[in-house]
Amino acid sequence: MAVDILLGLQWGDEGKGKIVDFIAPRYQVVARFQGGPNAGHTLEFDGIKHVLHQIPSGIFHDSIINIIGNGVVLDAIIFKKEIDGLRKYNVNFNKNLFISKKAQLIIPTHRLLDAAYENSKGDKKIGSTLKGIGPTYQDKIARQGLRVGDIVSDDFQSKYQKLRDSHKTILDFYQFDYNNLEALEKEFFEAIEHLRTFNLVDSEYFINKLIAEKKTILAEGAQGSLLDIDFGSYPFVTSSNTMAAGACTGLGIAPSHVGEVLGIFKAYCTRVGGGPFPTELNDEQGETLRKQGNEYGSTTGRPRRCGWIDLPALKYAIMLNGVTQLLMMKVDVLNAFEEIKVCTHYQLKDGSVVDTLPFDIVDAEITPIYKTFKGWNKSISEDINADSLPAELSDYIQYIESELGVPVSLISLGPDRKQTILRNSSITA
Ligand code: GDP
Ligand code: IMO
Ligand code: MG
């Protein structure tokens, strides 16, 4: 099959950027299929840390074509900053980066609307990254958005003004101050000029031609399955389909082309922003996870909420995505613990015990039921291989594999490319 999909199984920040960069040499194409600058994908190699927001994580490999797909919402201003930041690394954008003409454009008033909507929610805030994601997808669905391909048309200015004016009406309704709009627009139009100089393509034809040429493609997800607009903890979700199905609509590829679905998860759990989090630890252990895992948002710098791994949630994500291989991240963060807990079931308000996610998860008052494992409680050296893992870690992994019914093919022991162990050879060599 031509297209493998890598996606997050939790609430985002599972380590997608690191792994896409790590496995990219096995592919000829890397393509982002949804989300936008709400994403922050961290890559580390040669002692340098990079955080990518909109540019696919295959960009540091000279032989790889990177595509920003039609399902993405693109902020030209943030895109320009990202490109400027990468100039010193000799990336050949002309050869290696292609942007879908059908990707939706985030305009400055989308960001203002995001803030206006959040302000109006009082203590029910989603915790949006305030990058304008929701309002931009809203305009896409309302069939009034602007797309990247529009920037080369003669009437782009008037299309822009029409959309901006409709946004102003809403901002007025919310009594949201947009005095800074003129300055934002100046920056926006400069960024649009910059965007025009890139390869803007009919990405669905482009990618299907690559498929016909038997090129291997990795679709890179953003966010995670529990933030999916349909299946996440609604309304505390993002505004796109973060799941495997989203790769088909977000790139214009048929499901029959999909091969492996690589599901990535942390050996524990984090969430940034509002919404339910059954295994959240508001105690010293949560603080230890945050400290050891350096759990602060890559995009917003916000502290991430931390808790134990949640098997009912992982089972749900695996079911929805048809995950064929699991990649377990940040195992090193658990080095600090003498005991490690795994949530196997939820106890609901009425006393029933389930391993499925209730419809009303937001108000469900779930009590997690845990199985406790002995920790390995020591640091694991980097030159270790899959056969010499501490027995306690092997037990932990085997239990998770047997509960989830999918093999763990890779474990990650640190942020660097090199701190990665393949457990079996099933990740395409
Ligand atoms: P993404 O959004 O899924 O790409 O993940 P982020 O980049 O937002 O967050 C993952 C964070 O964990 C980043 O700071 C990574 O550098 C870091 N990271 C990735 N894998 C590991 C790992 O195995 N161990 C540790 N300690 N950090 C890791
Ligand atoms: P990556 O790709 C973690 C969260 C926000 C908020 C909710 C909605 O780095 O894993 P939005 O700005 O999309 O309207 O915010 O979703 N969120 C993320 N959390 N990682 C992300 O991306 C996220 N992108 C959005 O914190 O709760
Ligand atoms: Mg992230």
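In this predicted model, an oxygen atom of ligand 1 lies 3.1 Å from a polar backbone atom of Glu14. The protein buries 94% of the 590 Å² that ligand 1 exposes when taken alone. A magnesium ion, ligand 3, is also present, and Asp13 and Gly40 coordinate it. Here is a quick tour of both sites.

**Polar contacts of ligand 1**
- Next to the Glu14 contact, Gly15 places a backbone N or O atom 2.8 Å from an oxygen atom of ligand 1.
- Lys330 takes part through its side chain, with a polar atom 2.9 Å from a ligand 1 oxygen.

- Helix H1 and strand S3 are the elements that give two or more residues to the shell around ligand 1.
- There are 20 residues around ligand 1, and those that come nearest are Lys16, Thr42, Ser298, Asp332 and Ser412.

**The magnesium site**
- Asp13 coordinates the ion through OD and Gly40 through O, at 2.0 to 2.2 Å.
- Asp13 belongs to the loop between strand S1 (3-8) and helix H1 (16-23), while Gly40 belongs to the loop between strands S2 (29-32) and S3 (41-45), so the pair ties together parts that are 27 residues apart in sequence.
- Gly40 is buried because its relative accessible area of 10% falls under the 20% cut-off.
- Asp13, at 21% relative accessibility, counts as partly exposed.

Conventions
Residues numbered from 1 in each chain as written. Chains lettered and ligands numbered in written order. Predicted model: local features only at pLDDT ≥ 70, side-chain atom pairs only at ≥ 80, totals over all residues. Heavy atoms only, no water. Donors = N, O, S within 2.8 Å, 3.2 Å for Na, K, Ca; no water. Helix = DSSP H or I, 4+ residues; strand = E, 2+ residues; numbered from the N terminus. Buried < 20%, exposed > 50% of the residue type's maximum accessible area, 1.4 Å probe, protein only. Near = heavy atom within 4 Å. Polar contact = N/O pair within 3.5 Å; in protein donor to acceptor, adjacent residues only side chain to side chain. Areas by Shrake-Rupley, 256 points an atom, 1.4 Å probe, with all protein chains shown as cover.
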